[in-house]
Amino acid sequence: MVTLGGAGFESDWRVIDVEQAANGELLFTLKPLFPFGILPPLTTADADIGGAYERVLDASLKYAPVPVVDVCREASFVVLVKQFGVAKDLGELIKKKIPSESVMISSSATIINRLHPRGKAAEQLKQSTAGRRFRPVIDEDAALAVRLFGFLLVELGFAAA
């Protein structure tokens with residue numbers, strides 16, 4: 001771990017890689033220990049939720065939009081299963097397990113679930129063949145999926161607002 005900054009403006013980072021540049025200097029790859037507002041701080045010690053949280057955080061800092069949405073979909077499934085019980089997939093969980101009065105939770109999960117197929121070539125071809133406009137996943141979609149995952153964590157009591 002390394003702390004950067006000073007005089008009340010410190011931030012903690014984890015060194016995740018070190019490599020030597022062509023000029024002989026060391027190049028460090030750092031990962032923030034605090035997600036800088038990307039996700040709310042967890043209030044649970046549940047290992048499954050913590051793992052899902054870490055995967056979303058890692059993806060949001062490293063990956064292109066399609067994999068970020070994919071990771072958010074899987075992480076949302078993990079979090080929702082903890083609250084509402086096991087289901088085959090996120091779509092089934094939304095339809096059969098989330099109570100109808102939990103509109104904000106089901107709506108957030110539905111948006112994440114619907115962003116997922118936009119990154120799949122087969123789905124894009126299917127929709128364009130049917131004459132439907134079906135745009136690919138963009139950065140804003142990935143950011144939305146991450147924010148909605150954070151919203152789910154807060155709504156379900158697994159993270160602080």
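Me: In which helix does N113 lie?
Reply: The model considered here is predicted. In this predicted model, the helix that holds N113 is α4.

Me: Is N113 buried or exposed?
Reply: A residue counts as buried when its relative accessible area is under 20%. The relative accessibility of N113 is 18%, and therefore N113 counts as buried.

Me: At what distance does a polar contact join the side chains of N113 and R73?
Reply: Leaving out residues up to four places away in sequence, N113 touches R73, L90, G91 and I94. With R73, the side chain of N113 also makes a polar contact. The distance of this polar contact is 2.8 Å.

Me: Which residues does L90 contact, leaving aside its neighbours within four places in sequence?
Reply: L90 has its place in helix α3. Its relative accessible area is 2%, so L90 is buried. Its contacts, with neighbours within four places in sequence left aside, are R73, F77, L80, A109 and N113.

Me: How far apart in space are L90 and S107, C-alpha to C-alpha?
Reply: In sequence, 17 residues separate L90 and S107. In space, the C-alpha to C-alpha distance between L90 and S107 is 12 Å.

Me: Which backbone oxygen does the side chain of S106 reach?
Reply: S106 lies in helix α4 and is buried, because its relative accessible area is 17%. Leaving aside neighbours within four places in sequence, S106 is in contact with I94 and I98. At 3.2 Å, the side chain of S106 reaches the backbone oxygen of V103.

Me: What distance separates the end C-alpha atoms of α2?
Reply: Helix α2 has 20 residues, which at 1.5 Å a residue should span 28 Å. The end C-alpha atoms agree with this expectation, as the distance between them is 28 Å.

Me: Which helices do the buried residues of α2 pack against?
Reply: The buried residues of α2 include P65, V68, C72, R73, F77 and L80. Just after α2, G85 takes a positive phi of about 105°. The packing partners of the buried α2 residues are α1, α3, α4 and α6.

Me: What covers the buried residues of α6?
Reply: Helix α6 covers residues 139-155 and reaches 24 Å from its first C-alpha to its last, close to the 24 Å expected at 1.5 Å a residue. Its buried residues are D141, A142, A145, V146, L148, F149, G150, L152 and L153. The cover over these residues includes α1 (47-62), α2 (65-84) and α4 (103-115).

Me: Which residue takes a positive phi just after α6?
Reply: The backbone has a positive phi of about 85° just after α6. The residue with this phi is G157.

Me: Which residues does L153 touch, not counting residues up to four places away in sequence?
Reply: L153 is one of the buried residues of α6. With residues up to four places away in sequence not counted, L153 touches L42, I49, Y53, V79, F158 and A159.

Me: Over how many bridges do β2 and β3 pair?
Reply: Strands β2 (residues 11-20) and β3 (residues 26-32) form a hairpin with 5 residues between them, and G24 in the turn has a positive phi of about 95°. In this pairing D17 stands opposite T29 in β3. The sense is antiparallel, and the number of bridges is 7.

Me: In what order do the elements of the protein chain run from the N terminus on?
Reply: The protein chain has 6 helices and 3 strands. From the N terminus on, their order is β-β-β-α-α-α-α-α-α.

Methods
Residues are numbered from 1 along each chain as its sequence is written. This is a predicted model: local features need pLDDT of at least 70, side-chain atom pairs count only at pLDDT 80 or more; totals for chains, interfaces and linings use all residues. Side-chain values use heavy atoms; hydrogens and water are left out. Helices (H or I, at least four residues) and strands (E, at least two) are DSSP runs, numbered from the N terminus. The expected span of a helix is 1.5 Å times one less than its number of residues. Buried means under 20% relative accessible area, exposed over 50%, partly exposed in between (1.4 Å probe, protein chains only). Contact means heavy atoms within 4.5 Å. A polar contact is a pair of N or O atoms within 3.5 Å; within protein, one must be able to donate a hydrogen and the other to accept it, and residues adjacent in sequence count only if both atoms are side-chain atoms. Two strands pair if DSSP finds at least two bridges between them.
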